[in-house]
Amino acid sequence: MTDLSNYRNIGIFAHVDAGKTTTTERILKLTGKIHKTGEVHDGEATTDFMEQEAERGITIQSAATSCEWNQHRLNIIDTPGHVDFTIEVYRSLKVLDGGVGVFCGSGGVEPQSETNWRYANESEVARVIFVNKLDRVGADFYRVVNQVEDVLGANPLVMVLPIGIEDNFTGVVDLLTRKAWIWDDSGLPENYKIEEPPADMADTVEEWREKLIETAVEQDDEMMEKYLEGEEPAIDDIKSCIRKGTINLDFFPTYCGSAFKNKGVQPMLDAVVDFLPDPTEVKPQPETDDEGQETGEFAIVDPAKPLRALAFKIMDDRFGALTFIRIYSGTLNKGDTVLNTFTGKTERIGRIVEMHADERIELDGAQAGDIVAVIGMKNVQTGHTLCDPKAPATLEPMVFPDPVISIAVAPKDKGASEKLGIAIGKMIQEDPSFRVETDEDSGETILKGMGELHLDIKIDILKRTHGVDVEVGKPQVAYRETITQRIEDSYTHKKQTGGSGQYAKIDYTIEPGEPGSGYEFESVVTGGNVPREFWPAVQKGFELSMDKGVLAGYPCLDFKVTLKDGAYHPVDSSAIAYELAAKAAYRQTMPNAGPQLMEPIMKVDVFTPDDHVGDVIGDLNRRRGMIKSQEPGATGVRIKAECPLSEMFGYIGDLRTMTSGRGQFSMEFLHYMPCPKNVAEEVIKETLEREGKK
């Protein structure tokens with residue numbers, strides 16, 4: 001059995017372009033996993049092994065790899081930074097015990113860092129912070145530390161200070177030991193000297209060191225008393241306090257460097273080992289029942305307990321489907337039979353491999369705390385629990401956001417439609433935020449995703465990875481419908497033509513619900529006019545109807561149906577009669593209840609140089625955007641706004657034109673809002689015309 005205290009399951013996450021993948025590359029080089037470092041801008045990074053990643057210089061899939069540092073085993077997941085792929089970050093955080101948040105020394109806390117930080121807070125993942133790119137023009141370590149406090153509301157515990165800045169950045173001062181790590185200009189990470197810090201930094205070092213120790217000793221009352229009496233604790237004692245506070249999420253040890261220039265990565269790696277939790281030190285995963293409610297049982301990280309494992313990612317490659325699994329308790333060996341509690345079926349474990357980006361090392365078995373991949377599992381999807389058939393249990397499942405944008409695709413030639421079906425099947429398994437529907441009337445395939453880039457890359461993968469050429473339609477927005485008025489109504493369903501007939505009468509009210517409440521049903525029938533066993537049929541009838549609104553056929557949100565009274569026939573009434581009555585009642589009443597079209601509103605975060613702020617705000621206003629705030633930074637202004645998705649297509653091109661290519665933006669779904677009347681009329685007209693053509 002391996003010692004779990006030597007395991008660290010960590011993720012590296014940050015805003016797009018803050019240098020996550022470069023940092024991962026440096027870690028692999030330092031730990032001896034790779035001998036030649038690949039660069040992102042050359043399209044040669046180890047963990048960016050998809051063609052689309054190499055070309056665009058961005059990370060799309062989270063890649064798993066493992067390495068050794070100071071006799072500790074690190075399982076590292078390099079996650080994407082782009083907002084359209086946050087699902088990858090979210091599901092990686094779900095199975096990690098700790099993380100490294102990378103921030104750009106000049107860009108600071110950028111929009112996507114906020115989203116990822118929020119996910120990490122929700123998942124209660126301990127983190128260390130690495131302020132990267134201090135060799136860049138405009139880099140400022142102290143400004144980024146302030147932003148972490150102000151923007152993220154987090155408490156950074158500064159552990160090192162930079163020596164020099166921008167072109168003169170040469171190394172860092174370790175505040176605990178008061179020693180300077182100085183790297184030479186060879187660019188080799190191992191070429192450093194440890195010496196006394198520069199004399200002109202002495203006061204700054206003492207000031208920050210005092211802050212560090214004061215914050216750390218708050219974790220231990222006895223040590224704090226001694227410190228207040230003037231006795232400084234030993235470095236090992238301070239470290240154990242920092243570890244405790246980091247695991248409790250009271251603060252986040254903060255490091256800095258330049259991953260690209262190979263400076264400052266070792267102290268950060270030491271921090272991962274020293275301060276981030278091992279698998280036994282994090283809260284165990286709660287087990288749930290079939291309804292998803294917690295049972296009060298937990299998957300304790302212990303190889304001797306029954307098997308509990310979560311499939312958190314499916315990846316298809318030339319050897320077949322790889323299922324990435326985090327084992328929470330028990331052991332998993334080749335040839336074992338495991339139960340998938342979601343499908344209720346058992347599967348046999350064929351090959352277990354440890355992944356190093358896209359290389360694999362065969363294993364005979366794995367145990368609690370490990371992250372491994374299993375080859376050839378048939379019916380396992382993201383979020384499914386694998387467990388011991390003799391002791392079944394379900395782990396808390398993952399919740400994935402609904403897509404907000406869709407496009408229609410059709411194969412260019414008839415022969416490709418079967419290939420398209422197989423390819424899309426594989427892609428859905430890999431990415432739970434990607435959905436596909438077939439339009440029954442037109443036979444078109446509709447792809448749904450989280451944003452333009454998300455769908456753009458899916459089309460690219462279809463063409464290149466699966467060799468399917470498709471024609472792509474215009475992007476469509478996922479509108480919704482709702483109602484604004486309360487209506488009391490009644491409906492009688494009668495069908496009596498010889499033999500046994502059908503009879504159901506319902507009296508009901510339909511009223512608007514609270515935003516976000518979905519569909520609610522209540523029955524207040526007394527005296528048995530509608531027998532209790534038929535209430536679920538009425539509920540089901542309305543629920544099945546809500547997929548198609550009465551304005552333009554978009555799904556209907558946020559309304560409540562109350563069944564008040566009705567009548568039944570002792571022979572002719574049946575569940576199916578009441579279900580049909582409810583469906584007809586929906587069609588009868590909804591048009592009179594003030595139906596309204598709802599559109600998705602996006603949270604938009606735009607970065608622009610100072611001299612283009614007016615143009616960008618004017619443009620957002622033209623797109624029906626609401627400006628929420630403007631924050632001046634060192635290199636430009638961040639504008640936060642809320643805009644309808646329908647107005648944001650092609651925005652990146654317009655933004656680049658306005659800002660001479662220097663603007664950046666990210667957006668994510670916020671909520672649904674009523675559509676203005678003129679826009680709603682246009683959308684309904686277009687939708688009905690489209691439906692009519694089919």
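Mentor: Let's start with a term we will need: a residue is buried if its relative accessible area is under 20%, and partly exposed if the value falls between that and 50%. Keep in mind that we are looking at a predicted model.

Trainee: Thanks! Is Trp-181 buried or exposed, then?

Mentor: Trp-181 has 11% relative accessibility, so it counts as buried.

Trainee: How should I read aromatic pairs, and how many are in the whole structure?

Mentor: The general idea is that two aromatic rings are described by how far apart their centres are and by the angle between their planes. Here, a search of the whole structure finds 13 aromatic pairs. One of them joins Trp-181 and Tyr-192, with 5.0 Å centre to centre and 20° between the planes, and it is stacked. Trp-181 belongs to strand β9 (residues 179-183) and Tyr-192 to strand β10 (residues 192-195), so this pair ties together parts 11 residues apart in sequence. Tyr-192, for its part, is partly exposed, with a relative accessible area of 31%.

Trainee: And what kind of pair do Tyr-519 and Phe-559 form?

Mentor: That pair is tilted: the centres are 5.3 Å apart, with 50° between the planes. Tyr-519 is in strand β33 (residues 519-523) and Phe-559 in strand β34 (residues 559-567), so the pair links parts that are 40 residues apart in sequence. Tyr-519 counts as buried at 15% relative accessibility, and Phe-559 is buried too, with a relative accessible area of 0%.

Trainee: Where does the charged end of Lys-211 sit?

Mentor: Over the ring of Trp-208, at 3.9 Å from its centre.

Trainee: Let's turn to helices. At what angle do α6 and α7 pack?

Mentor: For a helix pair, look at the angle and the distance between the axes. Helix α6 (residues 202-217) packs against helix α7 (residues 221-228) at about 140°, and their axes are 8 Å apart. That makes α6 oblique to α7, because only angles over 145 degrees count as roughly antiparallel.

Trainee: Which residues of α6 and α7 meet?

Mentor: From α6, Glu-210, Ile-213, Glu-214 and Val-217 meet Met-223, Met-224 and Tyr-227 of α7.

Definitions and conventions: Residues numbered from 1 in each chain as written. Predicted model: local features only at pLDDT ≥ 70, side-chain atom pairs only at ≥ 80, totals over all residues. Heavy atoms only, no water. Axes fitted to C-alpha atoms, helices over the stretch in contact; angles between N-to-C directions. Helix = DSSP H or I, 4+ residues; strand = E, 2+ residues; numbered from the N terminus. Parallel < 35°, antiparallel > 145°, perpendicular 65-115°, else oblique. Contact = heavy atoms within 4.5 Å. Phe/Tyr/Trp six-rings, centres within 6.5 Å; stacked < 30°, edge-to-face > 60°. Buried < 20%, exposed > 50% of the residue type's maximum accessible area, 1.4 Å probe, protein only. Lys NZ or Arg CZ within 6 Å of the ring centre and 35° of its normal.
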